[in-house]
Amino acid sequence: MFKDRRAGLMHFGIFWGCVLLTVGTANAVTGGIIQTVLSIPFDGLIWAAISAMQNVVAVGVLGAILWAFERRLISRPERLTYSRDGLLILAMIGGLVAAEFFAQVFEIAAFGDVPGAFITSFLAAPLRGLDHGLLAAAFGILWWTHKVIVAAFLVHLPASKHLHIATSFFNIYFRKLEPRGELPKMDLEAEDATFGLKTLQDLGWKDVLDGFTCTECGRCQ
């Protein structure tokens, strides 16, 4: 991926940024259970550190998303083909992160500070004088927008090539440890021996996982 350093850095930021931001999404979906548990040790210091990390990561992901749109719609490198699915995924990720980030901005402006969330606290400062009802309504709309996009993303992902976002973790964990290109031992005299692939039934579970994970990069394990 890093043969093209700029594209590699962009994808690295989006992928790992979304992985780290999943902590906040899981906390919201579970009604704050994760925050409650992690706030117990060290008088809430752990969750405050996580909130600070999520602020920084959210800004980085939004920057990477804007960069990705620029590559697809403006600079358009020759090898990069136009893809409506790719644009949709970028829009959903960007909307997801932006909704969560700015929901916290209005939450802080309406209901008070969130420990560790220093970037959203800075952005919320000029809004504190606005009508409380308006701020609370904006927070509610953005909070539900985030949840709706999460649900839509989960519905769309299994039918998209971007399913590799989820399957790549399992693919790496179950990767072959033998040297690349090493052929398995074959018993040519076994009566039930099969060689090559004739039907889909000849594929093993790892072959199917590789297929779902493949992004046409030639690095399937």
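**Aromatic pairs and overall fold**

Phe102 is partly exposed, at a relative accessible area of 37%. The model in which this residue sits is predicted. Phe102 forms an aromatic pair with Phe101, and Phe101 counts as buried at 7% relative accessibility.

**Aromatic pairs**

- The count of aromatic pairs comes to five.
- In the pair of Phe101 and Phe102, the distance is 5.2 Å centre to centre and the angle between the planes is 90°, an edge-to-face arrangement.
- The ring centres of Tyr173 and Phe174 lie 5.0 Å apart with the planes at 90°, so this pair is edge-to-face.
- Tyr173 is exposed, with a relative accessible area of 65%, whereas Phe174 is partly exposed at 39%.

**Fold and dimensions**

- The protein contains eight helices and zero strands, and its pattern along the sequence reads α-α-α-α-α-α-α-α.
- The radius of gyration is 22 Å, whereas a compact globule of 221 residues would have one near 17 Å.
- The C-alpha trace spans about 80 × 45 × 30 Å along the principal axes.
- Considering contacts between residues at least 6 apart in sequence, 65% join residues at least 24 apart.

**Surface and charge**

- Buried residues account for 30% of the 221 residues.
- The protein exposes about 14800 Å², of which carbon and sulfur atoms supply 67%.
- There are 18 positive and 19 negative side chains, and the centres of these two sets are 9 Å apart.

Methods
Residues are numbered from 1 along each chain as its sequence is written. This is a predicted model: local features need pLDDT of at least 70, side-chain atom pairs count only at pLDDT 80 or more; totals for chains, interfaces and linings use all residues. Side-chain values use heavy atoms; hydrogens and water are left out. Helices (H or I, at least four residues) and strands (E, at least two) are DSSP runs, numbered from the N terminus. The radius of gyration is taken over C-alpha atoms; the globule rule is 2.2 Å times the number of residues to the power 0.38. Buried means under 20% relative accessible area, exposed over 50%, partly exposed in between (1.4 Å probe, protein chains only). Contact means heavy atoms within 4.5 Å. Accessible areas come from the Shrake-Rupley method with a 1.4 Å probe; for residues, only the protein chains shown count as cover. Lys and Arg count as positive and Asp and Glu as negative; His and the chain ends are not counted. The place of a charge is taken as NZ of Lys, CZ of Arg, CG of Asp or CD of Glu. Rings of Phe, Tyr and Trp (its six-membered ring) pair if their centres lie within 6.5 Å; planes under 30 degrees apart count as stacked, over 60 as edge-to-face and the rest as tilted.
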